[in-house]
Amino acid sequence: VRIAMEALDQLLMACHCQSINLFVESFLTMVAKLLESAKPDLQILGTNSFVKFANIEEDTPSYHRSYDFFVSRFSEMCHSSHGDPDVRARIRMAGIKGLQGVVRKTVNDELQANIWDPQHMDKIVPSLLFNLQQAENAESRSPSPLQASEKEQENPWELAERCLRELLGRAAFGNIKNAIKPVLVHLDNHSLWEPQLFARACFRIIMFSIQPQHSHLVIQQLLGHLDANSRSAAPIRAGIVHVLSEAAGIAASGSVGPTVLELFNTLLRQLRLSIDLALGEAGAARQRQEGAFQEAVIRTIGSFSGTLPPYQQSEVMVFIMNKVPIPENSRNSLEPAAASDGDSRSRLTQIMLLKSLLQVSEGFQCSNLLTALPGAFLERLLAPALLEDPEIRIFVLEILSSFIDRHGNRHKLCPVRWGREIS
């Protein structure tokens, strides 16, 4: 078998004419036979032959080749559960190399079955993530593309990471969605949002590997996923928000233009839903979890707005301020309003939104305050300063002082840290 395959490989390497198509059919049939064998050595032999073939540049397109079997078989090999750990690692690595070969072979051939179709991506991406998960220290990964040394090829997860980076690097605008969806599904199915170390490592790899102009598509999918999980447990939503925060931080250097307000809109909507859930649930543990989720959302709003140019920051602040519920009577008097059912909800909403606004204002640097903060915005901001609630009034004053403070002197105006009783 080995000698026969060696002869075939040499024939393949020597064949430069258009008739390679006629020869490849028989070659692929033989490789498929080897991959179906129960013997690991023959599976690996078949894979190595396929990889050599995948690296050949072909001039003429092929009309009648199908790689569906290879995608399925290599994905199966990636999940090998062979009893011997060394053999298992070798089979898994062969599977990953095979998938890499299929991607290289099909990605530029227009007549091929589209490798980006969900039916292929749903096999390829989870197979790579499964091997990536085997690395104990997923968090300590470097975000820069790894150099392929002999040592690194000894373990499946380094190989899986390289293959994933290559796959994402080749993804065009229309294909990003199909490549990212299986990642989200995998993280859901295996409960990997909490703790979010692996999820964050995955999205760091994704954000550094895709072309920068496509980064806003990943952010949009994460936002959609956060919406889809509106009713999930708070730690899961917090995990998605943390990942979103990190991804948005990396994307900010690329293009996030159309997604800016959409991002803030989704985060503020999640904040409101969380407040409703916290008020609706009697359990203290649930309320604590919702509180942690709200803090995560507010931090994300702050960290993302810090990467925006001043004109967009001022847009975001106007956007947030317009969402703050301001009772009518606050505009003209300090008389306490009659307590109603919605009071605690609207108070919590006011506090959360003002906290978010404070986060944005702390990173806001602008040469001309008048143009950045129009009169209508300031009027709306000052209205809550007339409310009964001392905590809300403090927030308004802190936001104002963060606007006025150009030289980092704000902390000198606050010698007293507020005690438990703020009033």
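Among contacts in the protein chain (heavy atoms within 4.5 Å) between residues at least 6 apart in sequence, 73% join residues at least 24 apart. The model is predicted: local features require pLDDT of at least 70 and side-chain atom pairs count only at pLDDT 80 or more, while totals for chains, interfaces and linings use all residues. Residues are numbered from 1 along each chain as its sequence is written, and side-chain values use heavy atoms, with hydrogens and water left out.

The secondary structure of the protein chain consists of 18 helices and zero strands; these are DSSP runs, H or I of at least four residues for helices and E of at least two for strands, numbered from the N terminus. Of the 423 residues in the protein chain, 49% are buried, meaning under 20% relative accessible area with a 1.4 Å probe, protein chains only.

The largest nonpolar core has 122 residues, of which Phe70, Phe203 and Leu381 touch the most other members. Such a core is a set of buried Ala, Val, Leu, Ile, Met, Phe, Trp, Tyr and Cys residues joined through side-chain atoms within 4.5 Å. Helix α11 (residues 234–251) gives the most to this core, with 10 residues. Beyond its neighbours within four places in sequence, Phe70 is in contact with Leu28, Val31, Ala32, Leu35, Phe50 and Val102.

Phe70 also belongs to an aromatic cluster with Phe27, Phe50, Phe53, Tyr67, Phe69 and Phe74. The structure holds 11 aromatic pairs, defined by ring centres within 6.5 Å, with planes under 30 degrees apart counted as stacked, over 60 as edge-to-face and the rest as tilted. Phe50 and Phe74 form a tilted pair, 5.4 Å centre to centre with 55° between the planes. This pair links Phe50 in helix α3 (residues 40–54) to Phe74 in helix α4, 24 residues apart. Both Phe50 and Phe74 are buried.

Helix α6 (residues 118–132) has 15 residues and should span 21 Å at 1.5 Å a residue, which agrees with the 21 Å between its end C-alpha atoms; the expected span is 1.5 Å times one less than the number of residues. Among the buried residues of α6 are His120, Met121, Ile124 and Asn131. The helices that cover the buried residues of α6 include the following.

| Helix | Residues |
|---|---|
| α4 | 68–78 |
| α5 | 85–106 |
| α7 | 156–169 |
| α8 | 176–189 |
| α9 | 197–209 |

Phe377, Leu378, Leu381 and Leu382 in α17 meet Val396, Ile399, Leu400 and Phe403 in α18. By class, this contact of α17 with α18 has eight nonpolar, no polar and no charged residues.

Terms used: Buried < 20%, exposed > 50% of the residue type's maximum accessible area, 1.4 Å probe, protein only. Nonpolar A, V, L, I, M, F, W, Y, C, P; charged D, E, K, R; others polar. Phe/Tyr/Trp six-rings, centres within 6.5 Å; stacked < 30°, edge-to-face > 60°.
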